[in-house]
Amino acid sequence: MKETVAVIPAFNEEKHIYDIVKKLKGIGLEVVVIDDCSHDETASKALSAGASVIRHISNMGYGAALQTGYKYAAMNGYSYLVQLDGDGQHEPDCAGSLLEPVIAKEADLCIGSRFMGRGKYTPTFLRSFGMMFFRLMLKALTGKWVSDPTSGFQAMNRKVFSYLSGDSFPDDYPDADVIFMLLKAKAVIKEVPVTMYYNADKSMHAGLAHNLYYMLKINLLLIAYCFKRIRKL
Amino acid sequence: MQNTQFYAPVLATLIFILVTVWLIKNERLKENFGVFWITISLAMLLVAVNIRWLYRIALVFETYNIASISYSLAIFFLFLLGLFFSAKMSSYEKKLKNLTQELAILKKQAGTEK
């Protein structure tokens, strides 16, 4: 069985993708970039940095691209997976510390938290409000306090990424709803501090309408999951 | 009831059924949707033939006006239809996503992409 793969969903990320792949290769990880039908040089830059590239024939969204990575890892017998964004928000050097608890079997999923003391990350007011809201929702619904429920910087074992390859995984913004689903599925979740940079240009949740849609969607999913029979991990 | 009040809706419904059958025959409407529309057409025909039912329904809702009750039922039906098609679209979207993902992975494994 192969060991670890780094999955990077990317859409028009030619500015950052080369450096990210190089850094990940530097720490000995196999890297797969899921090019979500970019119009720029994302795929060729990722290839030249040494990554494998899987290309969607049409733009399917962040969640779908991420899930393609899960499916690829599951089909190719990888044991562990680390996921990070292609926009330079996540520091690739932290991938190792994220993987540690998963490889040591202390957790099924390890979330990189930007609020545990490493680096300086100051989100906008709206984003802070959203994060606090989801923290409280998760605490109320599952009893678990997750300091960074919207972090996309995560490491997981085979059980988790095989589980997330199913149909319940959301296509657009997989965030607190997925953490909730995994907690309900009895996954062991741990957080470790990571460095994150705020990239206002590329943030998925930029704009009031987007934020409102996002909040409503996640809440709707959280309510739906409360009544759904969730399969155990 | 005047003749036109009876024949107009019956004629409209028959045209609707004929168009549905024609669309299925020419493979421009899938038969599973065809069954749905034929059922709707037959229901409309039934109401058109027994227009008194509408008066009774109007009385139940205390509207005393069959135009109002017809519009209300039509709007309710259209909302249901919208919901039904949203569910259908969601299901197709899921299938499309799975196909795109499988295709991308298989292309990678077949070596057509590096």
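Start with B:Val47, which is partly exposed at a relative accessible area of 31%; here buried means under 20%, exposed over 50% and partly exposed in between, with a 1.4 Å probe and protein chains only. This is a predicted model, where local features need pLDDT of at least 70, side-chain atom pairs count only at pLDDT 80 or more, and totals for chains, interfaces and linings use all residues. Residues are numbered from 1 along each chain as its sequence is written, chains are lettered from A and ligands numbered from 1 in the order in which they are written, and side-chain values use heavy atoms, with hydrogens and water left out.

B:Val47 sits in helix α2 of chain B; helices are DSSP runs of H or I with at least four residues, strands are E runs of at least two, and both are numbered from the N terminus. α3(B) gives the largest share of the nonpolar patch, 3 residues, and α2 (31-49) and α3 (52-60) of chain B each supply at least two.

Now chain A. Its open sheet has 7 strands in the order β3-β2-β1-β4-β6-β5-β7, with mixed pairing; strands pair if DSSP finds at least two bridges between them. β3 (52-55) and β7 (189-193) of chain A are at the edges with a single partner strand each, so one side of each has no neighbour in the sheet.

What stands opposite A:Gly112? That is A:Val192, in β7(A). β5 (residues 109-113) of chain A pairs with β7(A) in the parallel sense, over 5 bridges.
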